[in-house]
Amino acid sequence: MISTTAHRTSTSTPTSRSITSRSSTSRSSTSRSSTSRSEAPGRSPRLRRRIQRQGDLLGISGLGVVVAVVALWVHNGGVASLAGTGGIAIGIGRLTGLVASAMLLIQVILMARIPWVERVWGQDRLARRHRWVGFSSFTLMLAHIALIAIGYAQVAHANVLGETWNLVINYPGMLIATAGTLALVMVAGTSLRAARRRLRYESWHLLHLYAYLGVGLALPHQLWTGAEFTASPLTTIFWWGLWAASAGAIIVFRITFPLYRTLRHRLVVEAVIPEGPGVFSVIMAGHHLDRLELKAGQFCQWRFLGGAGATRAHPFSISAPPTQHRIRITAKALGEGSARLACLRPGTRVAFEGPYGAMTAEVRRRRDALMICAGIGITPMRALAEHITAERPSADVDCVRAPAVTILHRVRSPQDLTFNAEFRKLAKTRNITVIPLVGRRGPENSIFPGPEPHDAARALRELVPDVQNREIYLCGPKDFMAQSRSLLASAGVDPLFVHAEEFSW
C-alpha cells in the first residue's frame with residue numbers, strides 16, 4: 001500500500017499531500033541524513049573525467065583558432081602594414097575582420113548540434129557560449145567595417161561615408177557582403193533578450209535561420225579582396241579547412257543524421273493523452289528505438305509532419321524512459337508548437353533531431369537524488385525518477401537499497417500537478433517521494449509558495465533532511481532555477497552536485 005503524509009514547512013507553507021514509497025516513509029530522519037556519499041551505481045569516474053577533458057579540449061580548440069588567426073596575420077606582415085597613412089585603421093580593421101570571420105564559423109559549428117559537444121556542455125551552456133561568440137563576432141564585424149572605411153578614406157583623402165559607398169559599389173563581393181551583414185544585424189537584433197520576449201518562438205526560430213544566410217554572404221568577399229586568405233599555403237589551408245569543417249558539421253549533423261534517424265526509426269503518433277489543463281502527452285511508436293540512445297532527462301527537436309507548422313522543430317523532453325518501440329513526450333500548451341500537440345492525429349509521421357541534453361542519470365556522483373521543478377518542468381524529472389530508482393541496490397551506511405528520489409514540485413494549484421497517478425503507481429515498488437508545493441508565487445520568487453519562509457534553508461532541510469548528500473536536478477523557468485541554486489547554497493549543498501538545463505530560447 002502507498003502511505004501518504006502531509007508535509008509542511010515550519011512556516012506553514014501550503015503543500016498538497018506527498019506521494020511516498022513504503023521504504024522511504026519507514027526510514028527515520030537520522031537514517032535519511034546519513035546517506036552514503038559513495039559513487040552512484042554504474043557511474044564511472046573515468047567517464048566523467050573523459051567528458052571533462054573533452055570540454056577543456058573544446059574550449060582550448062576554440063581559443064586556438066583565434067590565436068592561429070592572429071598569428072597568421074602577424075606572420076603575413078600584419079604588423080608591418082600598420083605603417084603609413086591609414087595603415088593602423090586598415091591593419092586593425094583587417095585583423096578584426098579575420099577574427100570576426102573565424103568566430104562566425106565557430107558559431108556555425110556550435111549551432112550544428114554535434115552530439116558529443118551537446119553531451120559535454122549541455123544545451124544551456126552550449127547556448128550561452130553560442131550567444132557569447134555570436135555577439136563578440138558581430139561586434140568585431142562592425143569594428144572591421146568602420147575601421148576599413150576610415151582607413152581607406154584616409155588613404156584617398158576622402159569622406160568616410162563616400163568611401164564606404166565606393167567600397168560597397170566598386171569592390172568585388174562587397175554588395176553580397178553588405179546583404180549578409182544586414183542579415184546578421186537582423187539576427188543579432190532579434191537575439192537580444194528584450195526582442196526575444198516580444199517574439200513568438202516560431203518567428204524567432206525562422207529569423208534565426210538567416211544567420212546561415214548572413215555567414216554565407218558576408219564571408220566570401222574575403223576570398224576576392226582579402227590577400228590574407230592567399231598570403232601563404234598554410235593560410236589557405238587553414239581558412240579553407242575552417243570553412244570545410246563548418247559546412248561539414250551542418251551537412252552531417254543538421255541534415256544527414258536527422259534524416260537517417262527519421263527514416264530508420266519511422267516514428268508515428270500513436271496516441272495523444274490529456275494529462276491536465278492544457279497538458280498533453282504524445283505517445284510515438286517506432287522501430288529499434290532502443291538503438292537511438294535516448295536517455296531519461298534528454299530531449300529531441302520534433303517535427304510533426306502534417307498541417308501548419310510541420311517544417312518547424314520544437315524541443316520537448318521525454319516524460320518516460322523510452323522502450324524498444326515507444327517514446328513519450330509531454331508538454332503544456334504555452335505556444336503554437338506545444339498547443340498543436342493536442343490536435344495531432346494517430347498515424348502522423350514524425351521527424352526528429354537528437355537526442356540532446358546532458359541532464360541524465362550519468363552525471364550523478366551520489367546514489368540518491370533530489371529534483372526541484374516548477375510546473376511542466378516535471379516532465380524530464382518524471383523520466384529521470386523512474387530511471388534512477390530502477391538501478392540496482394547499493395550499500396548504504398546501514399543497509400543495501402536502491403536509489404531514492406525526492407521531487408519538490410512547485411505549482412500554482414492542485415490542478416497543475418502532473419503524473420500524480422503514475423507517481424502513486426511507481427511508489428508502490430520504487431523509492432520515490434513527491435512533495436507538491438502548491439500556491440501562488442511569493443514576492444521573493446522563492447521555490448516555496450507565498451511569502452519566503454524566515455529560514456528557507458531550514459525549511460528545505462525539514463522537507464529533505466539529507467539534502468546535502470544528494471545529487472540535485474533542477475528544471476523550470478530561469479528565475480526559479482536561480483532562486484533554487486541560491487537556496488541550495490544556503491542549505492550547504494555543493495554546487496558541483498547541482499545539475500540544470502535551461503530550455504529558454
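A salt bridge is here a side-chain nitrogen of Lys or Arg within 4 Å of a carboxyl oxygen of Asp or Glu. The legends below concern a predicted model.

**View 1. The salt bridge between Asp 368 and Arg 401.** The two side chains meet at 2.9 Å, N to O. Asp 368 belongs to the loop between β8 (349-356) and β9 (369-374), whereas Arg 401 is in strand β11 (residues 400-401), so the contact ties together parts that are 33 residues apart in sequence. Asp 368 is buried, with a relative accessible area of 0%. Arg 401 is likewise buried, at 11%.

**View 2. The salt bridge between Arg 328 and Glu 422.** The N to O distance for this pair of side chains is 2.7 Å. Strand β7 (residues 326-332) carries Arg 328 and helix α15 (residues 420-427) carries Glu 422; the pair therefore ties together parts that are 94 residues apart in sequence. Arg 328 has 13% relative accessibility and counts as buried. Glu 422, at 22%, counts as partly exposed, because the buried class is limited to values under 20%.

**View 3. The salt bridge between Arg 458 and Glu 462 within helix α16.** Here the side chains meet at 3.5 Å, N to O. Both residues lie in helix α16 (residues 456-463), where 4 residues, about one turn of the helix, separate them. Arg 458 is partly exposed, with a relative accessible area of 49%. Glu 462 is also partly exposed, at 38%.

**View 4. A network of salt bridges.** Arg 113, Arg 254, Arg 303 and Glu 353 are linked in this network. The count of salt bridges in the model comes to 13.

**View 5. The largest nonpolar core.** This core comprises 37 residues, of which Val 69, Trp 121, Phe 238, Trp 239 and Leu 242 touch the most other members. Two or more residues come from each of α3 (45-75), α4 (87-111), α5 (115-156), α7 (174-191), α10 (210-218) and α12 (233-265). The greatest contribution is that of α4, with 12 residues.

View 6. With residues up to four places away in sequence left aside, Val 69 touches Leu 98, Val 99, Ala 102, Phe 238 and Trp 239.

How values were computed:
Residues are numbered from 1 along each chain as its sequence is written. This is a predicted model: local features need pLDDT of at least 70, side-chain atom pairs count only at pLDDT 80 or more; totals for chains, interfaces and linings use all residues. Side-chain values use heavy atoms; hydrogens and water are left out. A nonpolar core is a set of buried Ala, Val, Leu, Ile, Met, Phe, Trp, Tyr and Cys residues joined through side-chain atoms within 4.5 Å. Buried means under 20% relative accessible area, exposed over 50%, partly exposed in between (1.4 Å probe, protein chains only). Contact means heavy atoms within 4.5 Å.
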